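This report covers the fold, the chain contact and the packing of one model. The sequence and structure come first.

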Amino acid sequence: MPFQTLLCVSTRLDFMNSQWSTNFRRKKALQGILSVLPVLVVMLFIRFYPIGEAIYRSFTNWDGLYKNDWVGFQNYVEIFTNSPFWTLLRNSFVLLISVPLQIFLGLMVAVLLYEEVAGWKFFRAIVYVPQIISAVIIGYLFRIAFGLDGPINQVLRNIGLEFLSIEWLGNSGTALFVLVFCLTWFSIGWQAVVILAGMTKISPSIIESASLDGANFWQRTFLIIVPMTARTIEYGAIMAIVWTFTGTFAFIYSITYGGPGYETSTIDYMIYTKFYQASAEFGFATGLAVILLIIILVLTFAEMYFTNKVSEWE
Amino acid sequence: MNRTRQKTTRVLIFIALSILAISNIYPLLFVFMNSLKDRTEYLKNPFSLPNFEQLAWGNYETMISQFQIFKLFGNSLIISVVTIFLLLTLGIVASYAFAKLKFIGKNLIYFLIISSMFVPVQVTIIPIYMLFSRLHLVDTYWAVVLTYLGMFLSEAILLMTATFRGIPDEIIEAAELDGAGYFDILRYVIIPMGRPAIILCLIYYFIVTWNDLFTPMILLTNMNSRTVMVALASLISRYSGDPTFQFAGLFLAAIPAILVYAVFQKYIIKGIGEGSTR
């Protein structure tokens, strides 16, 4: 075959090949766009549009029906100066006490599970059970348990601690204590499973050699396991903090109804009560929603910032 | 000497874990035992075993015949199943594209979807309610299903995209050479190889949607479309109610999620752990 023809055939083949692959790539790109389109549409309508709407309406006196005038920062001034907002924020911060408690107890449980005693897989499964039970059920049990004539007070009276059998849910201090107790009990298992997963990344020989060198339980836990699972514990802490601000509605609803007054409500709980109020102050409620959004964004960015810092050090 | 000490430690650990396990199981046991008592028996001593001669099955009978708890189960089940079906269908398709296909704006779209993950539903619920009431969707299952999709899609896509990225490109290319089209690749490569993530989503979101209160409470006000948790929440909010009757309802409502967990707990424990150490 003459050289010329050969060249011609090969360029022709090349040309065909490149056209084929362009078509192929186009087809794949089209598949890609069509694949994500439904999700994008759902997110636009159910996520981004409502977020935008919430921000916009927070500057109006919207009531969902007739009123919808621009009022500037009036809702925010109202929230900061003339509403239970600071009580709500205080309550959220009190509930945050549960975060170090659940991490400490979760860590203890994880360390115990790590020893792999007989039946540890069964125990690991049981430890997570509170997360599977609805907050409606758990909350109702705590409300019953701490009721004026409830089981806890009955026990206290029977063992002669009459003075302690108080109306637990009747004032903000003890009611918040009950909530902290409940949130901690609910979250220990989650923290334990998370920390245990982090611990499996530590080489077992490190912990073994530490015990051979005579490190006791506490030394092993706090000088070896905690530093080596720092990233996992940090993840657990951030998730728990965000959850305390956004995920406690059903617990508060079924234990205290946010009461007495707003004494045990959080920001998300007040959004709910404003929604059901006859006066329908939706502008005010969306203002609260925007503040909640800002708190969550700050927490998320703080988490990303710290994570970057840690990976810089490593 | 050291040997025996080690043995004692292990026994102590076993005892500590047993105590913890009892504290986690006891509440359910408490609910069950007291649901089999009548009101006076419960008020006399909430910790005693029920009287086995005459168990108060009446609580359960009333729950089923008057409170119609199984109809409420149906409502919850429809919402959970439809949510999971759409979540997985939309999620798998999109995650495949994010993990394996190249197209313009991919990273931007991915970032947009994932960035909304931490936005709590309380922020958006009032605009969503108003939107759905304009579309006449309030009091329909679709209102709750769509809201759940908005809440959970980003999380599910994050998880599944990470898993699908681990599937080797060569397998997909080989399938393509054999003439496999888009849906063949999903069916014969992506879904079988991404199964752990898909099963985790299936179970996890069943439990979450079954137990949820906030979203259905706002969007379903009609007595006939309420989910079981919404109905129970309103039942227990009446202080005057009979606690043993309420216990019967709570115990029944806890069973489906616990059954699912009992069967699939391995996947959940593994999934939660992997999500945290990724």
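Which residues have the most contacts inside the largest nonpolar core? They are Leu288(A) and Leu213(B), and the core has 156 residues. A nonpolar core here is a set of buried Ala, Val, Leu, Ile, Met, Phe, Trp, Tyr and Cys residues joined through C-beta atoms within 7 Å. A residue is buried if 20 or more other C-beta atoms lie within 10 Å of its own, exposed if 12 or fewer, and partly exposed in between, with C-beta atoms placed from the backbone. Helix H8 (residues 172-199) of chain A gives the largest share of this core, 15 residues.

The model is predicted: local features need pLDDT of at least 70, side-chain atom pairs count only at pLDDT 80 or more, and totals for chains, interfaces and linings use all residues. Residues are numbered from 1 along each chain as its sequence is written, while chains are lettered from A and ligands numbered from 1 in the order in which they are written.

Leaving aside residues up to four places away in sequence, Leu213(B) touches Ala135(A), Val136(A), Ala250(A) and Tyr253(A), as well as Met229(B), Val230(B) and Ala233(B). Contact means C-beta atoms, placed from the backbone, within 7 Å.

Between the chains, 68 residues of chain A meet 68 residues of chain B. On the chain A side, helix H1 (residues 3-57) supplies the largest share, 18 residues. That side divides into 49 nonpolar, 12 polar and 7 charged residues.

Chain A has 14 helices and 0 strands; helices (H or I, at least four residues) and strands (E, at least two) are DSSP runs, numbered from the N terminus. Some values for chain A follow.

| Quantity, chain A | Value |
|---|---|
| Radius of gyration, over C-alpha atoms | 28 Å |
| Span of C-alpha trace along principal axes | about 110 × 75 × 35 Å |

A compact globule of 314 residues would have a radius of gyration near 20 Å, by the rule of 2.2 Å times the number of residues to the power 0.38. Buried residues make up 38% of chain A.

In chain B, helix H5 (residues 106-115) has the buried residues Ile109(B), Tyr110(B) and Ile113(B). Seen down the axis of H5(B), these fall within an arc of 100°, so they line one face of the helix. The arc is that of the directions from the helix axis to the C-beta atoms. The face turned away from the buried side of H5(B) carries the exposed residues Asn107(B), Leu108(B) and Phe111(B).

Note on methods: Two residues are in contact if their C-beta atoms, placed from the backbone, lie within 7 Å. Ala, Val, Leu, Ile, Met, Phe, Trp, Tyr, Cys and Pro count as nonpolar, Asp, Glu, Lys and Arg as charged, and the others, Gly among them, as polar.
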